[in-house]
Amino acid sequence: MNKDDNFHMPEIDRVVHEPARLAILTVLSSCEEADFLFLERATKLSRGNLSVQLTRLEDADVIEIEKRIEHKRTLTTAKLTNRGRRALNAYWESMNALRTAAKGRLTETAGSPNRARPPRRRVPVEV
């Protein structure tokens with residue numbers, strides 16, 4: 001029995017793992033709250049996609065959305081909930097654990113990460 005037999009893939013939170021939502025959560029983790037325009041610019045998501053992803057995150061209780069009127073305009077802001085902050089931290093811990101495990105497995109099996117790649121196959125070219 002070798003060390004690889006005991007390896008367990010870490011659980012990955014699919015709500016957090018989706019790239020657009022991960023981008024939103026990462027931006028929100030660095031500030032107290034952010035308005036819609038800031039999130040749109042920071043994540044480079046379209047308005048429609050940002051709106052859909054914010055709704056999904058709110059439905060999962062990962063963020064809190066507030067809409068208020070300021071200067072006769074609706075201002076939408078979002079912030080991480082405590083659950084959201086824990087979910088994002090757990091996600092990054094899972095990714096680090098996966099990276100560490102993969103790096104260890106590559107080193108054990110191949111001696112070095114450079115030799116872990118399979119050899120290139122030559123594809124015959126018809127003339």
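Which residue forms a salt bridge with R68, the closest N and O atoms being 3.0 Å apart? The partner is E70. The legends below cover this pair and other views of a predicted model.

**View 1. R68 pairs with E70 and with E66.** The R68–E70 salt bridge has its closest N and O atoms 3.0 Å apart. E70 is partly exposed, at 34% relative accessible area. Salt bridges with shared partners join E33, E66, R68 and E70 into one network. Within it, the side chains of R68 and E66 meet at 3.3 Å, N to O. R68 counts as partly exposed, with 26% relative accessibility. E66 is partly exposed too, with a relative accessible area of 38%.

**View 2. K79 and E64 form a salt bridge between two strands.** The closest N and O atoms of this pair lie 3.9 Å apart. K79 sits in strand β3 and E64 in strand β2, residues 63–70, so the bridge ties together parts 15 residues apart in sequence. The cut-off for a salt bridge is 4 Å, so a nitrogen–oxygen pair has to fall within that distance to count. K79 is partly exposed, its relative accessible area being 33%. E64 is also partly exposed, with a value of 44%. By this rule the count of salt bridges comes to 5. Side chains of opposite charge can pair when their charged atoms come close.

**View 3. The largest pocket holds about 180 Å³ of space.** Its lining consists of D35, F36, L37, E40, R47, R73, T74, L75 and T76. Strand β3 gives the largest share, 4 residues. By type, the lining divides into 3 nonpolar, 2 polar and 4 charged residues. Rolling a probe the size of a water molecule over the atoms shows where empty space is left.

View 4. Along the sequence, the pattern runs α-α-β-α-α-β-β-α. Of the 127 residues, 28% are buried. The cut-off for buried is under 20% relative accessible area. Among contacts with a separation of 6 or more, 53% involve residues 24 or more positions apart. The accessible surface comes to about 9800 Å². Carbon and sulfur atoms account for 50% of that surface.

Conventions:
Residues numbered from 1 in each chain as written. Predicted model: local features only at pLDDT ≥ 70, side-chain atom pairs only at ≥ 80, totals over all residues. Heavy atoms only, no water. 1 Å grid on protein atoms, 1.4 Å probe; cavity = no way out; pocket = protein on both sides within 12 Å on 5 of 7 lines; lining within 4 Å. Points joined across faces, edges and corners; volume = space filled by probe spheres on them. Nonpolar A, V, L, I, M, F, W, Y, C, P; charged D, E, K, R; others polar. Buried < 20%, exposed > 50% of the residue type's maximum accessible area, 1.4 Å probe, protein only. Contact = heavy atoms within 4.5 Å. Areas by Shrake-Rupley, 256 points an atom, 1.4 Å probe, with all protein chains shown as cover.
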